[in-house]
Amino acid sequence: MTRALVLGARGHIGHAVVHALAQTSTAIASITCITRAVRHAARAELGEVSVDSDDPAALGRVIAGHDVVVDAAAPAPLLLRAPRHAVDNARRRTFALVEACAQNGARLAFVSSFTTKRAALAGHPYFAVKREMESIVTAALVDGAVAGSVLRPTTCLGPFDSRAGRASLVGAVVAGAPVVAMRHVVNVIDVRDVATAVVAAAVDGRAPACVDLAGHDVTADDLVARIAAAAGVPARGVSMPAPLAVAGAGFLEAALGRVVDVPPALYALLVAASEPATPSDAQLALGAAPRPLADTVRDAVEWHRRGGARSVSKTL
(Lines give C-alpha, C1' and ligand atoms only; values in the text may rest on other atoms or scores of the structure.)
Protein backbone atom coordinates (compact mmCIF):
# COMPACT_ATOMS: atom_id res chain seq x y z
CA MET A 1 0.00 0.00 0.00
CA THR A 2 1.09 3.54 -0.72
CA ARG A 3 2.44 5.81 1.99
CA ALA A 4 2.10 9.47 1.05
CA LEU A 5 3.78 12.54 2.51
CA VAL A 6 2.22 15.97 2.00
CA LEU A 7 4.41 18.96 2.72
CA GLY A 8 2.33 22.05 3.39
CA ALA A 9 -0.85 20.29 4.45
CA ARG A 10 -2.23 23.42 6.09
CA GLY A 11 -1.85 25.47 2.94
CA HIS A 12 -4.55 25.93 0.34
CA ILE A 13 -3.33 23.32 -2.15
CA GLY A 14 -1.83 20.98 0.44
CA HIS A 15 -5.08 20.83 2.38
CA ALA A 16 -7.01 19.96 -0.78
CA VAL A 17 -4.43 17.29 -1.65
CA VAL A 18 -4.84 15.62 1.75
CA HIS A 19 -8.59 15.31 1.17
CA ALA A 20 -8.11 14.05 -2.37
CA LEU A 21 -5.59 11.44 -1.24
CA ALA A 22 -7.90 10.20 1.49
CA GLN A 23 -10.72 9.77 -1.02
CA THR A 24 -8.76 8.15 -3.84
CA SER A 25 -9.66 4.66 -4.99
CA THR A 26 -5.99 3.71 -4.73
CA ALA A 27 -5.10 1.92 -1.51
CA ILE A 28 -3.45 4.50 0.75
CA ALA A 29 -1.96 3.16 3.95
CA SER A 30 -1.29 6.53 5.53
CA ILE A 31 -0.94 10.20 4.79
CA THR A 32 1.71 12.04 6.73
CA CYS A 33 1.28 15.78 7.01
CA ILE A 34 3.09 18.68 8.54
CA THR A 35 0.15 19.22 10.87
CA ARG A 36 -1.47 17.83 13.97
CA ALA A 37 -2.33 14.13 14.05
CA VAL A 38 -6.00 13.32 13.62
CA ARG A 39 -8.12 10.51 12.25
CA HIS A 40 -9.72 11.00 8.88
CA ALA A 41 -13.17 9.74 8.09
CA ALA A 42 -11.86 7.90 5.04
CA ARG A 43 -9.73 4.75 4.95
CA ALA A 44 -6.42 6.52 5.30
CA GLU A 45 -4.92 7.65 8.58
CA LEU A 46 -3.26 11.02 8.97
CA GLY A 47 -0.01 10.89 10.87
CA GLU A 48 1.72 13.67 12.76
CA VAL A 49 5.08 15.07 11.78
CA SER A 50 6.42 18.18 13.44
CA VAL A 51 9.33 19.28 11.30
CA ASP A 52 10.65 22.33 9.56
CA SER A 53 10.31 21.43 5.89
CA ASP A 54 12.93 24.07 5.10
CA ASP A 55 15.53 22.13 7.12
CA PRO A 56 17.33 19.83 4.62
CA ALA A 57 18.31 17.22 7.22
CA ALA A 58 14.85 17.10 8.75
CA LEU A 59 13.30 16.90 5.31
CA GLY A 60 15.40 13.86 4.48
CA ARG A 61 14.43 12.09 7.68
CA VAL A 62 10.70 12.62 7.23
CA ILE A 63 10.68 11.48 3.59
CA ALA A 64 12.22 8.14 4.52
CA GLY A 65 9.64 5.35 4.33
CA HIS A 66 7.23 7.16 2.02
CA ASP A 67 6.38 6.09 -1.53
CA VAL A 68 4.93 9.42 -2.65
CA VAL A 69 5.89 12.97 -1.73
CA VAL A 70 3.72 15.97 -2.58
CA ASP A 71 5.52 19.25 -2.08
CA ALA A 72 2.92 21.98 -1.69
CA ALA A 73 5.10 23.94 0.70
CA ALA A 74 7.87 25.14 -1.59
CA PRO A 75 9.00 28.40 0.03
CA ALA A 76 8.87 31.69 -1.83
CA PRO A 77 9.20 35.24 -0.45
CA LEU A 78 5.97 37.18 -0.26
CA LEU A 79 7.36 40.63 0.39
CA LEU A 80 9.48 42.85 -1.82
CA ARG A 81 12.09 43.06 0.91
CA ALA A 82 12.87 39.36 0.97
CA PRO A 83 15.68 37.84 3.07
CA ARG A 84 19.04 38.33 1.38
CA HIS A 85 19.59 34.62 0.92
CA ALA A 86 16.06 33.67 -0.21
CA VAL A 87 17.20 32.08 -3.46
CA ASP A 88 20.10 30.23 -1.82
CA ASN A 89 17.86 28.88 0.92
CA ALA A 90 15.25 27.71 -1.60
CA ARG A 91 17.95 26.09 -3.73
CA ARG A 92 19.41 24.22 -0.73
CA ARG A 93 15.98 23.01 0.36
CA THR A 94 15.02 21.84 -3.15
CA PHE A 95 18.26 19.90 -3.66
CA ALA A 96 17.65 18.19 -0.30
CA LEU A 97 14.08 17.34 -1.33
CA VAL A 98 15.18 15.81 -4.63
CA GLU A 99 18.05 13.89 -3.01
CA ALA A 100 15.82 12.45 -0.29
CA CYS A 101 13.19 11.35 -2.84
CA ALA A 102 15.91 9.73 -4.97
CA GLN A 103 17.46 7.90 -2.03
CA ASN A 104 14.10 6.55 -0.88
CA GLY A 105 12.67 5.81 -4.33
CA ALA A 106 9.76 8.17 -3.62
CA ARG A 107 7.80 9.66 -6.51
CA LEU A 108 7.64 13.46 -6.30
CA ALA A 109 4.74 15.73 -7.23
CA PHE A 110 6.13 19.24 -7.04
CA VAL A 111 3.60 22.08 -7.04
CA SER A 112 5.08 25.10 -8.76
CA SER A 113 3.46 28.19 -10.33
CA PHE A 114 2.17 29.36 -13.67
CA THR A 115 4.60 32.29 -13.37
CA THR A 116 7.64 30.10 -14.14
CA LYS A 117 6.51 29.85 -17.77
CA ARG A 118 7.38 33.51 -18.23
CA ALA A 119 11.14 33.86 -17.88
CA ALA A 120 11.02 37.63 -18.24
CA LEU A 121 8.97 38.17 -15.07
CA ALA A 122 10.85 40.33 -12.61
CA GLY A 123 10.21 43.02 -10.05
CA HIS A 124 9.75 40.64 -7.11
CA PRO A 125 11.98 37.95 -5.52
CA TYR A 126 9.04 35.52 -5.59
CA PHE A 127 9.51 34.91 -9.31
CA ALA A 128 13.24 34.19 -9.14
CA VAL A 129 12.79 31.74 -6.26
CA LYS A 130 9.95 29.89 -7.99
CA ARG A 131 11.96 29.57 -11.20
CA GLU A 132 15.04 28.31 -9.38
CA MET A 133 13.17 25.62 -7.44
CA GLU A 134 11.33 24.39 -10.51
CA SER A 135 14.50 24.24 -12.59
CA ILE A 136 16.18 22.01 -9.99
CA VAL A 137 13.25 19.58 -9.85
CA THR A 138 12.85 19.56 -13.63
CA ALA A 139 16.53 18.78 -14.16
CA ALA A 140 16.28 15.84 -11.74
CA LEU A 141 13.18 14.51 -13.52
CA VAL A 142 14.76 14.81 -16.96
CA ASP A 143 17.98 13.16 -15.80
CA GLY A 144 16.02 10.31 -14.24
CA ALA A 145 17.39 11.01 -10.77
CA VAL A 146 13.86 11.03 -9.41
CA ALA A 147 10.43 10.07 -10.78
CA GLY A 148 7.48 12.41 -10.72
CA SER A 149 6.05 15.60 -12.15
CA VAL A 150 6.04 19.36 -11.79
CA LEU A 151 2.51 20.79 -11.74
CA ARG A 152 1.95 24.47 -12.52
CA PRO A 153 -1.53 25.71 -11.60
CA THR A 154 -2.93 29.10 -12.43
CA THR A 155 -4.70 31.13 -9.72
CA CYS A 156 -6.35 28.78 -7.21
CA LEU A 157 -9.77 29.38 -5.72
CA GLY A 158 -12.14 27.26 -3.67
CA PRO A 159 -12.46 25.81 -0.19
CA PHE A 160 -9.54 24.89 2.11
CA ASP A 161 -8.02 28.39 1.96
CA SER A 162 -5.85 28.73 5.06
CA ARG A 163 -5.47 32.50 4.82
CA ALA A 164 -7.45 34.30 7.47
CA GLY A 165 -10.00 37.02 6.85
CA ARG A 166 -8.87 39.84 4.61
CA ALA A 167 -5.60 38.09 3.76
CA SER A 168 -7.74 36.14 1.28
CA LEU A 169 -9.49 37.79 -1.65
CA VAL A 170 -12.66 35.79 -1.02
CA GLY A 171 -12.50 36.44 2.70
CA ALA A 172 -12.09 40.16 2.14
CA VAL A 173 -15.04 40.36 -0.26
CA VAL A 174 -17.26 38.26 2.03
CA ALA A 175 -16.35 40.57 4.93
CA GLY A 176 -17.34 43.59 2.87
CA ALA A 177 -13.82 44.99 2.77
CA PRO A 178 -12.80 47.19 -0.15
CA VAL A 179 -10.47 45.51 -2.65
CA VAL A 180 -8.56 46.61 -5.72
CA ALA A 181 -10.08 44.81 -8.71
CA MET A 182 -7.79 45.00 -11.72
CA ARG A 183 -9.15 45.13 -15.25
CA HIS A 184 -7.04 42.20 -16.35
CA VAL A 185 -7.79 38.60 -17.35
CA VAL A 186 -6.79 35.92 -14.86
CA ASN A 187 -7.20 32.19 -15.20
CA VAL A 188 -8.85 30.63 -12.15
CA ILE A 189 -8.76 26.93 -11.31
CA ASP A 190 -10.57 25.16 -8.49
CA VAL A 191 -8.07 24.00 -5.87
CA ARG A 192 -9.87 20.62 -5.79
CA ASP A 193 -9.17 20.16 -9.51
CA VAL A 194 -5.51 20.95 -8.81
CA ALA A 195 -5.54 18.33 -6.05
CA THR A 196 -7.08 15.77 -8.41
CA ALA A 197 -4.26 16.29 -10.88
CA VAL A 198 -1.57 16.24 -8.18
CA VAL A 199 -2.83 12.98 -6.70
CA ALA A 200 -3.15 11.30 -10.10
CA ALA A 201 0.38 12.37 -11.01
CA ALA A 202 1.82 11.34 -7.64
CA VAL A 203 0.03 8.09 -6.91
CA ASP A 204 -0.57 6.72 -10.39
CA GLY A 205 2.58 8.17 -11.93
CA ARG A 206 0.74 8.81 -15.18
CA ALA A 207 1.90 12.30 -16.04
CA PRO A 208 4.67 13.94 -18.05
CA ALA A 209 7.51 15.76 -16.33
CA CYS A 210 5.60 19.05 -16.40
CA VAL A 211 1.85 19.64 -16.43
CA ASP A 212 0.20 23.06 -16.73
CA LEU A 213 -3.13 23.27 -14.92
CA ALA A 214 -5.77 25.79 -16.00
CA GLY A 215 -9.42 26.57 -15.35
CA HIS A 216 -11.52 29.52 -16.49
CA ASP A 217 -10.60 32.93 -17.89
CA VAL A 218 -12.23 35.86 -16.12
CA THR A 219 -11.26 39.45 -15.49
CA ALA A 220 -10.19 40.16 -11.93
CA ASP A 221 -12.90 42.77 -11.43
CA ASP A 222 -15.56 40.39 -12.75
CA LEU A 223 -14.29 37.72 -10.35
CA VAL A 224 -14.71 40.10 -7.43
CA ALA A 225 -18.27 40.85 -8.61
CA ARG A 226 -19.05 37.13 -8.83
CA ILE A 227 -17.75 36.52 -5.31
CA ALA A 228 -19.80 39.40 -3.94
CA ALA A 229 -22.93 38.16 -5.71
CA ALA A 230 -22.46 34.65 -4.32
CA ALA A 231 -21.98 36.09 -0.84
CA GLY A 232 -24.98 38.41 -1.17
CA VAL A 233 -22.92 41.49 -0.36
CA PRO A 234 -22.15 44.63 -2.37
CA ALA A 235 -18.86 44.57 -4.24
CA ARG A 236 -16.72 47.23 -2.61
CA GLY A 237 -13.58 48.19 -4.42
CA VAL A 238 -11.85 50.12 -7.12
CA SER A 239 -11.40 48.80 -10.63
CA MET A 240 -8.24 49.99 -12.36
CA PRO A 241 -5.83 49.01 -15.14
CA ALA A 242 -3.10 46.53 -14.21
CA PRO A 243 -0.09 48.89 -14.64
CA LEU A 244 -1.64 51.48 -12.31
CA ALA A 245 -2.49 48.81 -9.72
CA VAL A 246 1.05 47.39 -9.81
CA ALA A 247 2.62 50.82 -9.33
CA GLY A 248 0.26 51.70 -6.50
CA ALA A 249 0.74 48.36 -4.76
CA GLY A 250 4.51 48.67 -4.87
CA PHE A 251 4.31 52.14 -3.32
CA LEU A 252 1.86 50.91 -0.65
CA GLU A 253 4.10 48.03 0.39
CA ALA A 254 7.18 50.23 0.48
CA ALA A 255 5.31 52.66 2.72
CA LEU A 256 3.60 50.21 5.03
CA GLY A 257 5.85 47.16 4.92
CA ARG A 258 4.56 44.31 7.07
CA VAL A 259 1.62 46.30 8.44
CA VAL A 260 -0.70 45.20 5.65
CA ASP A 261 -2.62 41.89 5.67
CA VAL A 262 -1.75 40.96 2.09
CA PRO A 263 1.56 41.55 0.28
CA PRO A 264 0.08 44.12 -2.14
CA ALA A 265 2.96 44.19 -4.63
CA LEU A 266 2.99 40.43 -5.12
CA TYR A 267 -0.80 40.23 -5.40
CA ALA A 268 -0.82 42.91 -8.09
CA LEU A 269 2.14 41.41 -9.97
CA LEU A 270 0.57 37.94 -9.97
CA VAL A 271 -2.64 39.28 -11.44
CA ALA A 272 -0.72 41.33 -14.00
CA ALA A 273 1.34 38.24 -14.94
CA SER A 274 -1.77 36.18 -15.61
CA GLU A 275 -2.73 35.23 -19.15
CA PRO A 276 -5.68 33.44 -20.75
CA ALA A 277 -5.20 29.67 -20.58
CA THR A 278 -6.97 26.46 -21.49
CA PRO A 279 -6.70 23.03 -19.87
CA SER A 280 -3.93 20.97 -21.47
CA ASP A 281 -4.39 17.43 -22.76
CA ALA A 282 -2.12 16.27 -19.95
CA GLN A 283 -4.39 17.92 -17.37
CA LEU A 284 -7.49 16.31 -18.83
CA ALA A 285 -5.75 12.92 -18.92
CA LEU A 286 -5.25 13.24 -15.16
CA GLY A 287 -9.03 13.54 -14.69
CA ALA A 288 -8.81 17.22 -13.72
CA ALA A 289 -11.28 18.82 -16.11
CA PRO A 290 -12.30 22.19 -14.63
CA ARG A 291 -15.58 22.24 -12.76
CA PRO A 292 -17.92 25.23 -13.35
CA LEU A 293 -16.55 28.52 -12.06
CA ALA A 294 -19.86 29.22 -10.35
CA ASP A 295 -19.41 26.09 -8.20
CA THR A 296 -15.90 27.12 -7.25
CA VAL A 297 -16.97 30.62 -6.24
CA ARG A 298 -19.97 29.30 -4.27
CA ASP A 299 -17.91 26.78 -2.33
CA ALA A 300 -15.13 29.30 -1.65
CA VAL A 301 -17.67 31.72 -0.20
CA GLU A 302 -19.23 28.99 1.91
CA TRP A 303 -15.80 27.95 3.21
CA HIS A 304 -15.09 31.45 4.47
CA ARG A 305 -18.55 31.81 5.94
CA ARG A 306 -17.93 28.65 7.95
CA GLY A 307 -14.76 30.08 9.43
CA GLY A 308 -12.17 29.92 6.69
CA ALA A 309 -8.73 29.48 8.23
CA ARG A 310 -10.31 28.42 11.54
CA SER A 311 -11.81 25.44 9.70
CA VAL A 312 -8.40 24.03 8.77
CA SER A 313 -7.78 22.40 12.15
CA LYS A 314 -11.32 21.03 12.13
CA THR A 315 -11.14 19.42 8.69
CA LEU A 316 -7.61 18.02 8.69
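Colleague: How many bridges join strand S1 (residues 2–7) to S4?

Modeller: The two strands run parallel, and pairing here takes at least two DSSP bridges between strands. Helices (H or I, at least four residues) and strands (E, at least two) are DSSP runs, numbered from the N terminus. For S1 and S4 the number of bridges is 4.

Colleague: What kind of model is it, and which pLDDT do side-chain atom pairs need?

Modeller: It's a predicted model, where local features need pLDDT of at least 70, totals for chains, interfaces and linings use all residues, and side-chain atom pairs count only at pLDDT 80 or more. Residues are numbered from 1 along each chain as its sequence is written, and side-chain values use heavy atoms, with hydrogens and water left out.

Colleague: Which residue in S4 is the bridge partner of leucine 5?

Modeller: S4 covers residues 68–71. Val68 and Val70 point one way from it, Val69 and Asp71 the other, and all are buried (under 20% relative accessible area, with exposed over 50% and partly exposed in between; 1.4 Å probe, protein chains only). Leucine 5 has as its bridge partner valine 69.

Colleague: Moving to the open sheet, which strands stand at its edges?

Modeller: Its 3 strands come in the order S7-S9-S11, with mixed pairing. Two of them have a single partner strand each, so one side of each is left without a neighbour in the sheet. Those edge strands are S7 (155–157) and S11 (216–219).

Colleague: At about what angle does helix H7 run to S11?

Modeller: H7 (residues 220–231) lies across S7, S9 and S11. Axes are lines fitted to C-alpha atoms, for helices over the stretch in contact, and angles run from 0 to 180 degrees between N-to-C directions. For H7 against S11 that gives about 95 degrees.

Colleague: Is H1 parallel, perpendicular or oblique to H6?

Modeller: Helix H1 (residues 12–23) and helix H6 (residues 191–204) pack at about 60 degrees, with axes 8 Å apart. Under 35 degrees counts as roughly parallel, over 145 as roughly antiparallel, 65 to 115 as roughly perpendicular and the rest as oblique. That angle therefore makes H1, relative to H6, oblique.

Definitions and conventions. Contact = heavy atoms within 4.5 Å.
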